[in-house]
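Me: I'd like to go through the aromatic side chains in a protein model. Can you take me through them?

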Amino acid sequence: MRVAVLSSISRRTEPRYHGSVHRIVWELTEGLAEKGVEVTLFATADSLTSGNLHAVVPGPLDEDTGLDESVWTSLHVCELFHLADRFDIIHNHLDWFPLSWSAFVGRPVLTTIYGRIPDTVLPAYEKCRGRSYYVSTSDKDRSPELDYLATIPPGIDLSWYPFNGRGGDYLLYVGGIHPEKGIADAVEIARSASRKLVLAGPIEDETYFRLHVEPHLDGDHITYAGEVDREKHARLLGEAYALLMPAGSDPLFGLAAMEANACGTPVIAFPDGFSEEIIEEGLNGFPALGVAQAVEAVARVKEISRQDCRDLAHNRFRRDRMVDDYLKAYARILAKNQEEAHRPWGYYEILSDRPDHKVKRIVVLPGKRLSLQRHHQRGEFWTIVSGNPLVTVDQTESVLNPGDSITIPLGVTHRIANPGDDPVVFIEVQVGDYFGEDDIERFEDDFGRELGAARTETCR
């Protein structure tokens with residue numbers, strides 16, 4: 001199996017610091033490579049992978065303001081889809097932007113959706129359903145307007161997180177320093193519970209940090225550790241009394257909660273999609289409806305076994321579990337696409353799929369024929385490889401021989417039939433604006449398929 005994994009270019013994959021979607025993408029590519037999958041990571045040139053790395057972007061956009069985001073993101077996505085024929089499946093982790101390309105390639109595209117889809121973005125996903133398969137990371141974050149192949153929570157390499165059976169005395173917050181991340185609640189919880197608080201993570205809003213976070217820092221009871229590397233991140237988690245996840249602190253997938261549990265540290269979280277699926281009350285943490293309940297939960301943390309937290313992380317949050325789930329999803333997609341390539345009259349193989357053309361090798365079984373049909377968005381050119389098919393073009397019938405060619409103009413009715421005893425094999429070159437199988441208007445069909453107009457609303 002050949003898998004292309006499309007990552008964001010805002011950061012390096014694997015990221016220099018903890019967290020972010022880039023971390024999950026890196027975990028996935030590493031896990032796939034470990035299982036012998038031929039995986040190619042499309043990411044920044046400084047990214048790390050045990051698979052193959054393909055890059056057109058020299059470095060992370062977040063680190064080089066001289067790179068125009070729209071230009072380099074377009075080049076990044078274009079590069080992958082230009083090489084689509086090299087892969088069996090394309091796995092997109094770059095949100096909605098690459099979806100429009102899925103109509104122009106013959107390879108299936110799987111998109112992992114991290115968190116809730118904003119209403120402003122949902123139309124992109126709706127328009128491309130049927131052309132792209134969707135996986136959610138949380139059942140709670142699913143959009144009712146979409147069909148999902150599966151829910152696959154993230155997984156992490158537990159060896160990064162040494163188990164700490166003792167913990168420490170401070171509460172910990174890890175995540176971006178931003179007005180919507182609940183920093184003020186974390187400060188209030190720590191003060192009300194008479195516990196120290198350590199904040200760690202990137203400053204995403206300088207003004208907010210200067211006006212609303214920095215005044216609370218006293219170097220003792222409330223401290224800021226900055227954006228920490230992997231080793232310090234794991235140490236902070238393992239030595240914490242509990243991890244605080246106030247409202248909005250981790251809207252994507254609960255990665256920090258998984259990491260804390262892996263170290264043996266319980267989690268106290270405000271209600272969110274992930275918390276209802278990750279936290280089992282009294283086993284690995286407590287849900288809290290507001291600051292008052294969170295303070296009560298701090299007092300109950302001692303009831304939780306840190307070994308139970310680690311065991312739960314091992315059972316549910318391991319990287320190889322995530323990788324196995326994705327391999328099952330890939331297998332389902334490939335089986336479905338192989339099934340779709342087989343028809344009652346025979347089967348086809350896509351040889352090339354580009355924005356300006358599509359090439360198929362088509363086999364028509366003895367005694368079978370395709371429907372009488374026409375296309376509204378493409379013309380076709382057929383070259384016979386073997387057999388002697390009966391071809392109908394605009395009510396004119398002719399028998400072709402190996403080596404013969406015929407042009408099917410856009411909008412003209414046509415059909416190919418195999419009256420012989422051996423299979424007919426021909427090469428079909430399509431040229432036009434759109435090459436999807438839904439651009440077929442059938443007039444006659446031997447297999448009871450629906451007759452009528454082709455769909456013209458397409459994702460392109």
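Reply: What follows covers ring pairs and charges over rings. This is a predicted model, where local features need pLDDT of at least 70 and side-chain atom pairs count only at pLDDT 80 or more, while totals for chains, interfaces and linings use all residues. Residues are numbered from 1 along each chain as its sequence is written, and side-chain values use heavy atoms, with hydrogens and water left out.

Me: How many aromatic pairs does the structure hold?
Reply: There are 8 aromatic pairs. Rings of Phe, Tyr and Trp (its six-membered ring) pair if their centres lie within 6.5 Å; planes under 30 degrees apart are stacked, over 60 edge-to-face, and the rest tilted.

Me: Why is the pair of Phe209 and Tyr224 called tilted?
Reply: Because their planes are at 55°, with the ring centres 5.2 Å apart.

Me: Which parts does that pair tie together?
Reply: Phe209 lies in helix α5 (residues 206-213) and Tyr224 in strand β10 (residues 222-224), so the pair links parts 15 residues apart in sequence. Helices (H or I, at least four residues) and strands (E, at least two) are DSSP runs, numbered from the N terminus.

Me: Is Phe209 buried or exposed?
Reply: Phe209 is buried, at 8% relative accessibility. Buried means under 20% relative accessible area, exposed over 50%, and partly exposed in between (1.4 Å probe, protein chains only). Tyr224 is partly exposed, at 26%.

Me: New topic: which ring does Arg195 lie over?
Reply: Arg195 lies over the face of Tyr241, 3.7 Å from the ring centre. The cut-offs for a charge over a ring are NZ of Lys or CZ of Arg within 6 Å of the ring centre and within 35 degrees of the ring normal. Arg230 lies over the face of Trp160, at 4.0 Å from the ring centre.
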